Amino acid sequence: MDNQILLDAIMAELEGARGAEPFEDALAVLAALAEESPVVEVAYARWVRETACDRVAWMADRGDGEGAERLLACVEELLRLNARADLDSYMLFTEWRRPPAKQFWRPRRHVLYEVCEGFQDLEDGRIEVLVVQLPPRVGKSTTGCFAMSWHMGRHPLDANLMSGYAEKLTDGFWTEVLDLVRDSDTYRFAEVFPDARLAGTSAKDSTIALVREGRFPTLQCRPIGGSNTGIVEVGQEGWLYCDDMVKELEEALSADRMDKLYAAYANQLRDRKLDGSKEVHVGTRWVPNDVIGKVIDHWAGDPRCRVIAIPALDERDETNFDYLYGLGFGTEYYRDQRRALCEEKMEHAWSAKYMADPFWVGGVMFPENDLKWYDELPEGEPDAVLAVCDTKDRGADYAVQPIGLVYGTEHYIVDITCDNGLPESIEPKLASALARHDVGLAQYESNSAGGRVADSVAARCRELGHAIDIRKKYSTENKETRILNDSMWIKAHCHFRRDSPDPEYRLAMQMLMRYTTEGKNRHDDVPDALSMYKRLASTVGVARLEAVRRPW
């Protein structure tokens, strides 16, 4: 019988199994299937393993200790079977005998699994460049060390190069990988890769050679800055691994230093790659024009490059790094870090270091202190309610729709839709906001798909029973020049809500306050929309009636 058909029959019995026998049968079939179709086997094995782990707790609760032990033995053998091909299995297997709270991967797996998948796809050739941005001390470098040791075991005769900003950093990476490779009692590397024996190491040169010593070791760790010509290489199956190329914020703020650093990366690291080798970039991005930023720009839109960025706090302002066994960092820890940095006017450091969102510090056009803020609206009815929308099609840009209440010459921005989702999900939000705030006049950009969006939103407003005049305007002006010309009016007449509970409003304000004249802006949709708002407001005259005594 075909192994896959046989396995399907066994798996039908697993979920309701009361003993370990079906899992032991599945293990035997999976071992045979691994020889025929490794990719299919890994997928089946993961499901069997997860089901077995669930049944272990069920058996233990019923006092079947022997059955639970047999199941755990099955899980361990499944991990051993797949450890060579599957990074997740490798990390779980190598630490299997350690106490759970002492393990690295198991407590962090539910958060960092996306990073594991990135390394797996890099190894399997689905991508060529992997970029990982995480906050400090959450395990990004150790995950990279596990991935590098696994990759070395799979390709022991290929050369790999690791580099970072300082020798202390590269020495630490070398030490951690070496511990994984030679510490058979703790990490069991030799059980997974018995043919990748340790052949030689050099603390002086930070090298590790597997199987045999040669001109180019399996791993060499060198800080960026020195010449690598003739002494390092990245083999055809090798990885160029860059970890924290920028030392600190002060260095990052020097554009000249960033240019020189990128030149060093291009001339001393990237040019040591043979055709077919791959790249990994891990670290904190302090500024948009660092090495990682330029790598991302170079590969923009190319599916062969994957960027994984996990911020400290999620969209609900809750921690992303609450690990098992009390490890990781809680919500209040990160909120305290944010509070402390922002009080020192270092919001850019918080955003870069913890939120994986660097922005230009110099040349900011709309700094927080130059904007007007409000806690409460003026008394009475507004003279008018206006809105504009910088529309989007199916690209990466944002649809931005600010809504302003007009009181004389002052404009209170009460709502901002700021969404980069699909048009079919954004358009109902735009119409709902217009109706909710009783907007009488709106202007929609008609460039690209803007005319269609305006018609769709107008139709949705009619369905909601809201009467509104939505005008279309095609813009031919230079966007940067228009924003610059309108910036003083925006700062003089627009009032923004302080501490808005709306995440889209907060996101819009971040984009506004990060708009710079000195570097490339990742998002200019919000200042563009407010410039459109200024142009609309300037065309609208507000008539006021006042009773006076007749002069005759």
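This is a predicted model: local features need pLDDT of at least 70, side-chain atom pairs count only at pLDDT 80 or more; totals for chains, interfaces and linings use all residues.
Visitor: How many aromatic pairs does the count come to?
Guide: A pair of aromatic rings is described by the distance of the centres and the angle of the planes. Rings of Phe, Tyr and Trp (its six-membered ring) pair if their centres lie within 6.5 Å, and planes under 30 degrees apart count as stacked, over 60 as edge-to-face and the rest as tilted. By this rule the number of aromatic pairs is 17.

Visitor: What is the angle between the planes of Phe-104 and Phe-146?
Guide: These two rings form an aromatic pair with 5.8 Å from centre to centre. The pair is stacked, with an angle between the planes of 15 degrees.

Visitor: How many residues apart are Phe-104 and Phe-146?
Guide: Helices (H or I, at least four residues) and strands (E, at least two) are DSSP runs, numbered from the N terminus. Phe-104 lies in the loop between helix H5 (87–94) and helix H6 (105–123), whereas Phe-146 is in helix H7 (residues 140–154). The pair therefore links distant parts of the chain, and the number of residues by which they are apart is 42.

Visitor: What is the relative accessible area of Phe-146?
Guide: Buried means under 20% relative accessible area, exposed over 50%, and partly exposed in between (1.4 Å probe, protein chains only). Phe-104 counts as buried at 10% relative accessibility. Phe-146 is buried too, because its relative accessible area is 2%.

Visitor: What is the angle between the planes of Phe-329 and Tyr-333?
Guide: These rings form an aromatic pair with 4.8 Å from centre to centre. The pair is tilted, and the angle between its planes is 35 degrees.

Visitor: Are H2 and H3 roughly parallel or antiparallel to each other?
Guide: Axes are lines fitted to C-alpha atoms, for helices over the stretch in contact, and angles run from 0 to 180 degrees between N-to-C directions. Helix H2 (residues 21–36) and helix H3 (residues 38–61) have axes that come within 8 Å and cross at roughly 165 degrees. Angles under 35 degrees count as roughly parallel, over 145 as roughly antiparallel, 65 to 115 as roughly perpendicular and the rest as oblique. H2 and H3 are therefore roughly antiparallel.

Visitor: How many residues of the contact of H2 with H3 are charged?
Guide: Contact means heavy atoms within 4.5 Å, and among the residues that meet are Phe-23 and Leu-30 in H2 and Tyr-44 and Arg-55 in H3. Ala, Val, Leu, Ile, Met, Phe, Trp, Tyr, Cys and Pro count as nonpolar, Asp, Glu, Lys and Arg as charged, and the others, Gly among them, as polar. The residues of this contact divide into 11 nonpolar and 1 polar, while the number of charged ones is 3.

Visitor: Which residues of H7 make the contact with H5?
Guide: The axes of H5 and H7 come within 10 Å and cross at roughly 105 degrees, which means that H5 is roughly perpendicular to H7. H5 contributes Leu-87, Tyr-90, Met-91 and Thr-94, and H7 contributes Phe-146, Ala-147, Ser-149 and Trp-150.

Visitor: What is the phi of Asp-317?
Guide: Most residues other than glycine have a negative phi, and most peptide bonds are trans. Asp-317 lies in the loop between strand E8 (305–309) and helix H13 (331–343), and it counts as partly exposed at 21% relative accessibility. Although Asp-317 is not a glycine, its phi is positive, at about 70 degrees.

Visitor: What separates the C-alpha atoms of Leu-536 and Gln-443?
Guide: Leu-536 lies in helix H19 (residues 525–539) and is buried, with a relative accessible area of 1%. Not counting residues up to four places away in sequence, Leu-536 touches Leu-386, Ala-387, Val-388, Leu-441 and Gln-443. Although Leu-536 and Gln-443 are 93 residues apart along the chain, their C-alpha atoms are separated by 7.2 Å.

Note on methods: Residues are numbered from 1 along each chain as its sequence is written. Side-chain values use heavy atoms; hydrogens and water are left out.
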